[in-house]
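Colleague: Please take a close look at the aromatic rings in this model. I would like one connected account.

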Amino acid sequence: MNNALFVLLFIWCSTCTAQNTDAPPDAPDTPKSEASSEALPELEDLLHQQLRHLPTNTEISAASRVTRSSSDSMAVTHVINDKDIKQFNLRSVADILAQFVGITTREDSSFTYIGARGIGRPGDFNSRFLFLLDGTRINESLLDAGLVGHEFFVDVELIERVEYTPGASAALYGNNALLGVINIVTKTSSKLRGINTSVSIANNNAKHARITGGMRADSGSDSWLSLSQTKLDNIQYPLVNIPPHLARWQHLNEEKSTRLMFNHQHGALKIQAAGSKRKRHYPDLFAFDPNIPPLNAEVDNEAYLVSVAYDDRISDDIELYLHASTHGNDFTRRLPVVLQNGELSHEQRLNSGRWSNFDSRLIFLGLSDHEFMLGFDYQRDHRQKFMAQYLIPEPIKRKFLGDESRYGLYIQDLWRLSDKLQLQWALRYDDSDSSTARWSPSYTVKYNWSPQHKLLLRHSRAFKVANFLEHFTNTSFGFPTPENESTHYNEISLLQNWSPSLSTFVIAYQATVENLISQALIAPIYANTIPLKSKGLEIGVDKRWQNGISLVASTAFQKSEFSGGIKVANSPQFIGQLRFSAPIGSSGVLFSMNSHVVSERRVLFKTLPSFASHDVNISWQPWDNASIALGVRNITDKEIVEIVDDSLIPYVQQRRQVHLSINWSWGQ
């Protein structure tokens with residue numbers, strides 16, 4: 001039923017094209033003399049135009065590593081901007097990613113997992129996506145994990161936009177860019193000038209506060225500093241049918257996360273520093289005495305990064321980019337254990353990584369109709385440490401240490417064959433201490449039969465090498481390291497702007513994945529699977545109306561299976577998404593609704609039911625420097641169950657949540 005509603009929605013939106021009355025920007029019926037004699041529009045008219053017109057020439061960089069307008073991009077890139085984040089009251093990076101076509105999210109209250117294009121296997125720590133923060137690679141170095149929950153560096157209110165380029169992108173980025181590239185772009189002081197604060201509370205005892213100070217100096221330098229904290233008390237157990245004697249200790253389930261970030265830019269130089277600290281306490285669910293408070297397990301996660309970048313045109317024909325960064329990430333889990341002699345001890349697991357990145361690129365514009373790019377990436381893993389200490393059934397301590405270097409060299413040429421036809425090719429060579437060398441090519445053809453309509457044909461490859469945990473787990477048990485994953489990816493895309501207020505996209509893709517790395521079922525090691533094939537169709541529409549109403553909807557039909565027709569775990573065949581907003585009167589009140597529909601998924605012998613989830617939000621801006629938002633997540637209180645790891649334990653996702661947020665600023 002939900003699938004049919006989304007299909008009908010697209011058919012209805014398509015019929016709007018023939019009935020649309022908005023005049024295109026270059027309407028021939030308007031004489032030049034008449035247009036030139038018109039008075040400049042009032043500010044109120046410009047703001048109203050923003051409500052009813054789609055954003056044009058949005059800056060994006062995820063697709064090509066350099067900032068280009070969306071109309072010039074050689075790959076499909078979806079964008080969620082700061083207005084969307086505020087309008088739909090998105091509270092985490094995971095919330096933002098869930099708005100993109102074909103992406104699903106799930107969590108176990110400790111980690112948030114994402115999947116796309118039919119691949120979201122249990123136990124995958126988002127390592128098949130490449131994550132960037134303002135162009136800086138931020139996948140951690142032990143699991144290649146992408147952190148998108150409360151442990152992420154950046155408060156969502158500091159985000160200017162999030163870019164998602166789906167598909168294989170190793171020809172420019174190397175390792176991990178199998179399912180797509182996600183670039184999180186932060187704001188400048190133009191939007192954070194002065195003092196800006198926000199607070200929010202929710203009915204589940206979740207509290208959040210942030211304070212940000214920004215300034216632009218007379219010299220042109222741009223700086224801001226932000227501190228935020230999130231506190232969760234009395235977190236609901238994410239399990240089905242919690243026994244009453246355990247539910248009574250739910251108030252011991254709590255979490256606190258703190259984020260600090262600094263950003264400074266002066267001319268071509270940009271300096272960034274960020275850190276996050278997350279502490280989680282939860283009761284030991286193996287405590288069966290109802291009269292004794294259970295012991296608390298602990299999870300600590302600390303991460304930081306410091307980066308320096310220089311980006312400038314050093315001559316009429318040459319642009320230079322230099323970047324260096326250093327990173328750290330520590331994850332500790334401590335589980336209480338009462339020994340036979342009555343003493344209290346802890347089983348402990350520690351993941352600790354320290355690494356540095358250096359990358360550079362030159363863009364040469366001296367050849368007619370060509371944009372030539374040459375780049376080099378280097379990552380040095382200074383510390384790779386995994387330690388596990390077990391006490392039951394007998395004391396065992398495992399410790400793995402490592403360090404390695406990885407580097408990549410890439411070349412790209414954008415050839416403008418004519419005003420309508422462009423060809424882009426790229427080739428990258430990667431090597432590392434612990435893996436074999438790899439070549440990754442990419443080819444893209446773009447044909448614009450009009451400025452508003454373009455067709456993209458794309459072929460690319462991508463790879464993923466075994467991460468530190470996979471490598472040393474197999475080594476410790478005497479098994480060889482899994483071979484590199486490889487992906488052959490093909491895509492055809494049709495992007496059309498029918499008018500200033502209506503756009504659509506259609507994407508068909510096919511991918512073959514060989515040597516997918518997966519945890520074995522019969523042994524605690526990692527192995528390569530048989531080949532996997534994935535194919536799908538993604539359709540989207542973005543429509544604005546004169547009165548400020550907007551509608552963004554997408555559907556993803558996908559099928560992923562191993563050779564022989566074996567289904568891929570956690571792979572829904574249909575995902576539907578809808579975002580709707582409408583102003584209420586002229587009082588600055590905006591109503592928004594966000595809906596997700598996901599078909600059933602299968603994990604081994606378990607079938608997870610399909611679901612539809614709906615969020616609503618009402619925002620009000622009573623003054624220029626203040627806004628208030630009241631929202632309800634999962635308004636129908638739907639019980640959504642997901643399996644996130646190979647334990648096959650079903651985890652209940654977020655139930656109904658009511659939250660209120662207030663934002664105000666001074667000195668802007």
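Over the ring of which residue does the charged end of Arg361 sit?

Modeller: The charged end of Arg361 sits over the ring of Tyr321, 4.0 Å from the ring centre. For this term, NZ of Lys or CZ of Arg must be within 6 Å of the ring centre and within 35 degrees of the ring normal. Lys543 lies over the face of Trp545, at 5.4 Å from the ring centre.

The model is predicted: local features need pLDDT of at least 70, side-chain atom pairs count only at pLDDT 80 or more, and totals for chains, interfaces and linings use all residues. Residues are numbered from 1 along each chain as its sequence is written, and side-chain values use heavy atoms, with hydrogens and water left out.

Now the ring pairs. The structure holds 12 aromatic pairs (Phe, Tyr or the six-membered ring of Trp, centres within 6.5 Å; planes under 30 degrees apart are stacked, over 60 edge-to-face, the rest tilted). One of them joins Tyr113 and Phe125: tilted, 5.7 Å centre to centre, 45 degrees between the planes. Tyr113 lies in strand 5 (residues 112-116) and Phe125 in the loop between strand 5 and strand 6 (129-133), so the pair ties together parts 12 residues apart in sequence. Strands are DSSP runs of E, at least two residues, numbered from the N terminus. Tyr113 is buried, at 4% relative accessible area; Phe125 is partly exposed, at 25%. Buried means under 20%, exposed over 50%, partly exposed in between (1.4 Å probe, protein chains only).

Phe557 and Phe574 also form a tilted pair, 5.2 Å centre to centre with 50 degrees between the planes. Phe557 is in strand 28 (residues 550-562) and Phe574 in strand 30 (residues 574-584), 17 residues apart. Phe574 is buried at 2%, whereas Phe557 is partly exposed at 31%.

Technical notes
Helix = DSSP H or I, 4+ residues; strand = E, 2+ residues; numbered from the N terminus.
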